[in-house]
Amino acid sequence: MPQLSYNLKAPAPLLEDFPADIRPWLIPDYTGDVVYECIECGSCYRIDQFLYTCPQCRSLLRLRNRDFASLKKIPGELWQKIFDYRKLLRTESLQGIFLFKEILFPTIPLQDIIYLGEGHTALVRANPELSARAGLDFFIKNDGFNPSASFKDRGMASAISFINYSIRTRGLKEVLGICASTGDTSAAAALYLSYLDKQVVKSVVLLPQGRVTPQQLSQPLGSGALVIEIPGVFDDCMKIVEELAENYQVCLLNSKNPVRIMGQKSYAYEIAQQLCYNTRDLVVVVPIGNAGNVTAIMEGFLDLYDLNIIPELPCILGVQSTHANPVVQWQESGRYQPMKVQPSVAQAAMIGDPVSFPKVRNLVRDHFQERLMAVAVEEQQIIESMLEANRYGHVVCTQGGEALAGLKKAVSLGLVNKSQTVVVDSTSHQLKFSNFQQLYFDNAYPPAYEITPRQQYINKPVVLDACAEGIAQFLKLKKK
Ligand SMILES: *Cc1c(COP(=O)(O)O)cnc(C)c1O
Ligand SMILES: [Zn+2]
């Protein structure tokens, strides 16, 4: 029986304190029957191995609980109560994304779950003046409030918990976790891997040299990972780790690893919970890079819909920079074509051949149809939307700026309207991308960014003498 409380000396909530219909489900012991399933040929494989592509046809894998239908014996409204009451527990392993364990990834026993503070990020009402400028009311979900300051921690918590579980149950003696990254995957991977047994687990990240921010580079270095920089862009790094994962014994921690997607579904579950499970007329706005996040969000809402926990699937508005917009081009032309990217301030989403694209295509074909919309925005709009949001009390990163710029564009195109509830995903913390703010303030963008700073958004420190009177004069203060 897992502990109901962190602190054994303090009185824990007692099971008897909870309503009788909740009690049997409060502490999840359901494990389901989870297998890897190929998204194209449908072959299934046991999960007592690390797999990233189908051994038969090389397509992407997803994780499927073949026993999912049995969860339907609990009515949707009871599931809502279970998840809500579970928030009252002080059980460490259920504090984060595994609050939703049965639908997130039921296999992993509570004892193997690694919780570093991820998930349950704030849903903040956008400042009224900012809303007026956008043309409608909206909320910002601040996924920068995760431990390594991006949403990537959600998927890393499930992937690393799975590794932890695999080490214990399979007796693994050596695990090398590896990922390619536009900055945030490596920060999250290095953080979570560093929590595991160093006798067993090693951590390596591959970065495109000069294409992650200084803060993002400092994160895996600080967590003690081996950081390898190579020339090129993210897509080049990704090809290398894919080759390594196919041919060598490594554990791939990119979102191609379907276990990552399982954890990232929690973003959808949380939005539903924060909105009291009323998803009617909901629009979720999300930047798209490698397309793992948008895949997970769609899969997460599908789980909830299948179990009658929500009444309706939301619309998803995917946003990309015109400098890296293969998904938008596919939406517009019906044809998918990988592209060569140009520099983008939304650097974490600067990807020309999104690995999870086939999953997006299948989810749209089978479930979301016109509920997935996609728009492209200019670099100038991305950076200025970020600067604008942060001047109104928010802490939005460049990808959040990208999402907000996409919302404005969708409003102007009539794709989104005032009768809808809108949630904008700020996928990481403002501070991770402050170098792009600085380039703007210094009017120092290389031409390829196509950004011309405007005075109204520029802000710089003023240097004055250490003298109260001088400062008072500068501020034109009135004497008391
Ligand atoms: C990774 C990342 C993205 C892109 O997400 P995908 O799952 O690759 O589409 C967007 N914003 C931030 C901050 C990221 O780290
Ligand atoms: Zn297959």
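Biologist: Is tryptophan 330 buried or exposed?

Modeller: Buried means under 20% relative accessible area, exposed over 50%, and partly exposed in between (1.4 Å probe, protein chains only). Tryptophan 330 is buried, its relative accessible area being 11%. This is a predicted model, in which local features need pLDDT of at least 70 and side-chain atom pairs pLDDT 80 or more, while totals for chains, interfaces and linings use all residues. Residues are numbered from 1 along each chain as its sequence is written, chains are lettered from A and ligands numbered from 1 in the order written, and side-chain values use heavy atoms, without hydrogens and water.

Biologist: How many aromatic pairs does the structure hold?

Modeller: Rings of Phe, Tyr and Trp (its six-membered ring) pair if their centres lie within 6.5 Å; planes under 30 degrees apart count as stacked, over 60 as edge-to-face and the rest as tilted. The structure holds twelve such pairs. In one of them, phenylalanine 100 and tyrosine 269 are tilted, with 5.2 Å from centre to centre and 55° between the planes. Both phenylalanine 100 and tyrosine 269 are buried.

Biologist: Why is the pair of tryptophan 330 and phenylalanine 357 edge-to-face?

Modeller: The planes of tryptophan 330 and phenylalanine 357 stand at 85°, with the ring centres 4.9 Å apart, so the pair is edge-to-face. Phenylalanine 357 is buried too, at 2% relative accessibility.

Biologist: Which residues do ring pairs link into a cluster?

Modeller: The cluster consists of Phe50, Phe105, Phe162 and Tyr165. Arginine 170 lies over the face of phenylalanine 50, 4.7 Å from the ring centre.

How values were computed. A charge sits over a ring if NZ of Lys or CZ of Arg is within 6 Å of the ring centre and within 35 degrees of the ring normal.
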